Amino acid sequence: MLTIDQTVQLIAIMLFAGLTLFAWLGWNQVQTASRLPYFALRRQRLAGGWRLILLAAILGVAALSAQFFGRQAAYAIVPPTPSATATASITPTASITAVPSITPTSSITPIPPITATPTVTGTPVLPERITVLFRETVTPQPDALLSSLEVAARLDNFNRAIEPQASFVLPSGRLFAAFTYDFLQDGVRWSAIWYRGDQIVCLETQPWDGGSGGYGYTECEPELGWQPGSYEIQIFLGETWKVSGRFEVLDGTETPVPTMTAEPTN
């Protein structure tokens, strides 16, 4: 079955063919009329030839109109209905299944040395002096996910920890706690608190602007420098605790925990 475009093109071709045929017939009659001996027959043949040429001209105009304006006229009379290919453009919703690319949460499971599900009794609670800063109305989604934390002195271009460790010998600069995340939403208040014992050494709290999934991090460089001891990082979405991580800062006389190697992720 022909489409509207194919039908308009076929009509234009037929009109051009008619133009050629009638122009040739008309011109042929005009040429042969001059050879007729009788005036009445010559005049009749000439009139017939010019009529054919005029008809060819009309067909030419019609052919050009069909070629350049036929589709618009056809679509005005018969509005096109959505083709099945339109549904294919909706199917990219299936491409959202690329979310499994965030499932490196499972591949990051080799982080157990730093996985610091809290050692303190009970669930960590956001300090009240931080909650008074909240002004956002966006509520975190209950299925928002954050992976275990990897603490390192450097990050790569994708915000992934380079040579994460469970202990550091008096680091001289800042440290990073890297993680993967999924099902987050921009505008949600997130907070990262770095503790040494029960003392807060670094605090980061702001509306989230990193999109729904990917690699993220929090960083810390205490004003008084790193002191030997046990440190804990707690991350909250809104007022809900999501993940914690622990690491040690050594004074140089203790043996550091060997460097961890995490499996590469896509």
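This is a predicted model: local features need pLDDT of at least 70, side-chain atom pairs count only at pLDDT 80 or more; totals for chains, interfaces and linings use all residues.
Two strands are said to pair if DSSP finds at least two bridges between them. Strand S7 (residues 189-196) runs antiparallel to S10, with seven bridges between the two. Within this arrangement, Trp190 is placed opposite Leu237 of S10. Strand S11 (residues 240-250) is also antiparallel to S10, and nine bridges link them. Here Phe236 has Trp241 of S11 as its bridge partner. S10 and S11 together make a hairpin, with two residues separating the strands. Gly238, which is in the turn, has a positive phi of about 65°. S10 is mostly covered, since seven of its nine residues are buried.

Helix H2 (residues 39-77) contributes the most to the patch, giving three residues. Phe68 is located in helix H2. Because its relative accessible area is 55%, and exposed means over 50%, Phe68 counts as exposed.

A further site examined was Gly173. This residue is in the loop that joins strand S5 (167-169) to strand S6 (175-182). Gly173 has a relative accessibility of 25% and therefore counts as partly exposed. When neighbours within four places in sequence are left aside, Gly173 is in contact with Glu221 and Trp226. The C-alpha atoms of Gly173 and Cys220 are 8.7 Å apart, although 47 residues separate the two positions along the chain.

Terms used. Residues are numbered from 1 along each chain as its sequence is written. Side-chain values use heavy atoms; hydrogens and water are left out. Helices (H or I, at least four residues) and strands (E, at least two) are DSSP runs, numbered from the N terminus. Buried means under 20% relative accessible area, exposed over 50%, partly exposed in between (1.4 Å probe, protein chains only). Contact means heavy atoms within 4.5 Å.
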